[in-house]
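I opened the model to go through its chains and the places where they meet. The entries below follow the order in which I looked things up.

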Amino acid sequence: MKASTVSQRIESEGKIMSNTSAVLEMPEQSFAGLETRGVHAWFGNHHALSDVSLQFPARTVTGLIGPSGCGKSTFLRLLNRMHEFIPSAAMAGEVLLHGQDIYGEGVDAAAIRLKVGMVFQKPNPFPAMTIRENVVSGLKLAHIKIDNEDDLVENCLSRAGLWKEVKDRLNASGGSLSGGQQQRLCIARSLAVEPEVLLMDEPCSALDPGSTLRIEETIKELAEKITVVIVTHNMQQASRVSDYCAFFLSDGGPGALVEADQTRKMFTNPNDSRTADYVQGKFG
Amino acid sequence: MTIAPPIKREMHVVHSRGDKVFRGIVTAGAMTSLIILGLIGAFLFGRGAQVFSQYGLKFITGTNWSASTEPGIANEFGMGPMLVGTIIVSIIALTFTVPMSIAGALFIEFYAQPRVKKILTALLDLAAAIPSLIFGLWGIQVFTNIGQRWASLLGNRLGFIPIFNTISDNYGRSPFVAGCVLASLIVPITTSVAREVYSRTPRELIDTCYALGGTKWGAIKTVVLPFGKSGVVGGAMLGLGRALGETVAVYLVLNLNFRYTFKILESEGGNVASLIATRFGEASTEELTALIAAGFVLFLMTLGVNMIASAIVTRTTRT
Amino acid sequence: MSGISIPQPTRPWQRKRREQIRSGATFTAMAILAFIVVLFTGFAGFDGWAISLFIISAIVLLIKGRKLSQKERKNAFIQLLIASAATLAFLPWLSIFASVAMKGIAGLRINFITSDMRTTVPDDEMNMGGALHAIVGSFMMVIIASIITLPLGILSGVYLTEIKGRFTFLVRFVVQSMSGVPSIVAGLFVFTTYVSATHGPTAFGGALALGILMLPTVARTSEEVLKLVPDELRSAGYALGARQWRTTLMVVLPTVRSGLTTVAVLGVARVIGETAPLLLTAGSSTALRFNPIHGQIASLPIYVFGLLQIGTEYAVNRAWTGALVLMIFVFGLFITARKVGGKDKR
């Protein structure tokens with residue numbers, strides 16, 4: 001399927017099914033998922049990321065780990081074309097979604113971002129909106145019309161593990177929630193547009209341990225239906241939530257992928273000695 | 001065994017002699033400024049009170065402003081038409097300024113290329129430094145031709161609406177044209193406040209809109225405009241304060257006439273600051289006091305507007 | 001590195017060169033079309049051209065937009081609206097810059113800045129007479145105003161940031177509210193208290209009025225400048241055992257030296273173009289004068305204002321030239337302020 005028709009598909013369907021089984025019934029090949037081939041990133045003349053080729057298996061959690069400045073957040077933002085909002089940014093290589101280069105000519109970036117959602121470091125519900133409005137804000141932004149908004153709100157909030165806590169105050173301001181609840185609201189907001197991949201940029205770094213645990217549970221549940229890519233500073237978190245891990249490192253030059261494998265192997269018996277040193281906390 | 005509660009020890013800052021002298025000098029300087037500015041306020045208030053006790057509310061509502069030259073005939077001072085005219089011209093100015101400033105600020109902040117953005121920001125600063133005299137000069141010599149054409153267009157098409165109605169076919173030097181000139185004068189102020197506020201929109205909120213598949217306009221509507229709402233209101237109020245007190249730009253363009261008029265396309269209007277500029281030359285002591293009182297009323301209006309504006313602006317640009 | 005070749009950086013999200021050329025060509029075509037509309041229909045003048053260009057762009061957008069989704073159509077249309085309204089907002093200043101430069105340059109001859117109007121009437125040819133008296137008068141008043149106001153204003157700023165005494169709130173409140181005083185009211189104040197009590201309008205009277213207008217600006221901006229000094233610097237001074245006055249004079253003020261220069265320059269730029277208060281307090285003159293406390297004195301704004309009131313062709317031309325000189329001064333001051341002020345940040 002051509003990526004440029006993704007938005008047309010959404011509009012022609014006219015609605016997003018609130019019943020998530022619709023996603024499961026999609027043909028298996030549409031979950032060929034996300035893959036990068038020889039991706040580089042620059043900010044001005046600064047070469048930030050070099051030659052990353054990585055596949056994200058469908059319905060898994062992949063953790064991107066590595067010390068500060070290794071380019072893992074840059075890499076994440078390349079995956080849904082958020083990289084290009086930095087004025088001097090440039091890139092090379094290919095990012096394939098279902099085999100289609102998302103940087104190809106004529107590809108609608110907004111349609112890509114609908115398929116590859118993103119949750120940010122700090123919880124950021126839209127301040128002028130209620131909880132309910134926050135959840136459906138993505139549909140408004142993307143001009144998607146749905147028949148049964150109530151079901152969608154309940155479904156998304158349930159998947160984000162927030163429904164029980166807020167079902168009686170959906171019209172309260174999103175800002176009235178606690179930090180952890182706000183972040184789960186942001187997850188619910190991203191789920192409402194039915195992404196196939198969800199990118200998370202250190203989603204727990206601004207939260208307390210209790211909230212972090214709740215979010216980690218949510219992430220594991222999400223991975224039953226969608227693909228999750230999570231950047232984290234916290235190696236314990238990576239070992240708790242991820243199925244696969246990718247270790248990034250910069251030796252002063254551009255950040256590069258050192259090693260990627262199953263999480264258990266990465267933490268017990270990595271191929272590269274630098275990975276072993278990092279996961280054992282010898283540096284970083 | 002009980003533990004005795006700790007004893008609080010007072011801590012004082014003791015200034016040395018040098019520091020005392022230094023603090024004295026600085027305080028004296030600040031107090032002098034305070035006294036000078038306070039004196040102006042008190043002076044205006046005193047003269048204003050004098051006029052109000054003499055003429056009462058008629059000073060505000062009265063329509064006649066005549067200083068008698070012959071003894072036995074009482075002076076009559078009523079600034080009503082001028083006050084109404086000032087407000088009308090300012091409202092016209094604001095009607096144009098607000099949408100243009102919002103658009104200008106959004107354009108600079110979100111649409112312009114980095115290099116264009118830099119140039120426009122510098123231009124904005126420069127424009128705010130143009131003396132109002134030059135706006136007046138441009139207004140009467142250059143803009144009036146264009147403004148007249150717009151006014152006649154409005155008058156011909158929408159003349160059935162009372163405020164667009166005209167008796168004469170003379171559209172130049174009308175409140176409409178003066179309001180347009182005033183608008184171009186306050187646009188730099190309101191635009192730079194709006195731009196400042198918009199630029200403080202958290203980047204992550206905008207990114208979120210894009211990450212949800214939104215367009216640029218979607219991000220602006222969802223995040224930027226709600227975020228900058230009160231800042232824009234504050235900026236507009238700052239502009240309004242400037243518009244109310246502006247003298248030469250209006251004086252040069254507007255045809256001053258002592259009559260209540262709401263026909264904004266007609267070539268006559270009122271303006272308190274221009275009244276002062278016109279009358280002070282041949283004014284008697286008594287009329288001078290009345291002019292000062294009129295100045296005081298103007299001052300109170302701009303003061304009120306400015307206070308509200310700066311309260312809003314400081315509240316929104318803090319953090 | 002394992003010897004892999006580094007590819008060329010690309011920006012696939014940017015519009016291709018050929019698209020840029022195409023949209024440039026479209027714009028040019030629309031501009032020409034709008035010009036044709038002006039020639040053959042009721043639309044007239046530059047504004048008519050601009051309006052027809054806007055309408056044509058909207059139509060073109062509508063045709064192009066058929067391929068786009070509703071979301072994108074709306075986005076493109078609003079982009080057109082915002083760009084148009086922004087252009088409308090910037091146009092007056094460009095028109096002002098252009099008209100002042102073009103109409104003013106004709107009269108900008110050497111005699112304009114070397115002679116006064118003593119032996120010339122406004123209707124004389126432009127090669128006679130000038131604005132020397134007005135320039136000198138303006139500078140005299142601005143300098144006197146600065147001598148009075150700058151120390152007071154800067155001391156107020158120091159009081160607000162360094163002393164933080166009992167009256168901090170009051171000082172800030174009064175400074176804040178007095179910055180809203182309409183300039184004509186300040187003129188009126190000096191007129192009744194000083195000018196009419198002495199021998200009529202003088203340079204000193206004008207300087208007083210300008211000083212009153214300058215004071216709040218200077219106090220507020222110097223407070224802002226001093227606030228930029230990090231508290232660590234003050235603490236470092238105290239930690240070395242220095243007294244407050246030494247810390248302020250040796251550490252705080254030198255740190256913001258260029259900032260305070262900016263304050264002075266901005267204060268002058270704020271008042272040099274003021275017209276209304278000088279009308280009441282300084283009067284006007286046709287001759288070069290240097291006595292600040294006796295006799296009316298000319299100034300650039302009043303020179304321009306007076307010539308405009310006369311309104312004949314040569315008088316208006318002279319007014320434009322005066323306006324150009326005034327603009328050059330204001331912008332010169334402004335650019336100086338930016339240049340100097342930029343140094344602190346580095």
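Entry 1, chain A overall. I counted 12 helices and 10 strands in chain A. The model is predicted, and I kept that in mind throughout. Of the 284 residues of chain A, 51% count as buried. I then took the contacts in chain A with a separation of 6 or more and found that 70% of them join residues 24 or more positions apart.

Which residues lie on each face of β7(A)? V197(A), L199(A) and D201(A) are on one side, L198(A) and M200(A) are on the other, and all are buried. I looked up the pairing next. β7(A) runs parallel to β6(A), with 4 bridges between them, and G117(A) is the residue opposite L198(A). β7(A) is also joined to strand β8 (residues 227-231) of chain A, in parallel, by 5 bridges. There V197(A) faces T227(A) of β8(A). I traced the chain from β7(A) to β8(A): it passes through helix α9 (residues 209-222) of chain A, and the β-α-β crossover is right-handed.

I found 20 residues of chain A in contact with 17 residues of chain B. On the chain A side, α4, β6 and α5 each supply at least two residues. The largest share, 4 residues, comes from α4(A). By class, this side of chain A has 13 nonpolar, 5 polar and 2 charged residues.

I went to helix α7 (residues 203-211) of chain B and listed its buried residues as I206(B), T208(B), C209(B), Y210(B) and A211(B). What do they pack against? In chain A they meet α4 (109-115), β6 (116-119) and α5 (131-141), and in chain B they meet α8 (216-245). After α7(B) comes G213(B), with a positive phi near 85°.

I located L275(B) in helix α10 (residues 272-279) of chain B. Why does L275(B) count as buried? It counts as buried because it has 27 C-beta neighbours inside 10 Å, and the cut-off is 20 or more. Leaving aside neighbours within four places in sequence, I found L275(B) in contact with M82(B) and A294(B). I also took the C-alpha to C-alpha distance from L275(B) to F258(B), 17 residues apart in sequence, and got 9.5 Å.

I counted 66 residues of chain B in contact with 73 residues of chain C. On the chain B side the largest share, 17 residues, comes from helix α1 (residues 17-55) of chain B. That side divides into 42 nonpolar, 20 polar and 4 charged residues.

I followed I134(B) and, apart from neighbours within four places in sequence, found it in contact with I96(C), V100(C), A323(C), L326(C) and M327(C).

The domain assignment gives domain 1 (23-105) and domain 2 (132-345) for chain C. Their centres, taken over C-alpha atoms, are 41 Å apart. I found 5 residues of domain 1 of chain C in contact with 5 residues of domain 2 of chain C. The domain 1 side of this contact has 3 nonpolar, 1 polar and 1 charged residues.

Note on methods:
Residues are numbered from 1 along each chain as its sequence is written. Chains are lettered from A and ligands numbered from 1 in the order in which they are written. This is a predicted model: local features need pLDDT of at least 70, side-chain atom pairs count only at pLDDT 80 or more; totals for chains, interfaces and linings use all residues. A residue is buried if 20 or more other C-beta atoms lie within 10 Å of its own, exposed if 12 or fewer, and partly exposed in between; C-beta atoms are placed from the backbone. Two residues are in contact if their C-beta atoms, placed from the backbone, lie within 7 Å. Domain bounds come from an automatic or database domain assignment. Ala, Val, Leu, Ile, Met, Phe, Trp, Tyr, Cys and Pro count as nonpolar, Asp, Glu, Lys and Arg as charged, and the others, Gly among them, as polar. Two strands pair if DSSP finds at least two bridges between them. A crossover is right-handed if, with the strands pointing away from the viewer, the path from the first strand over the helix to the second runs clockwise.
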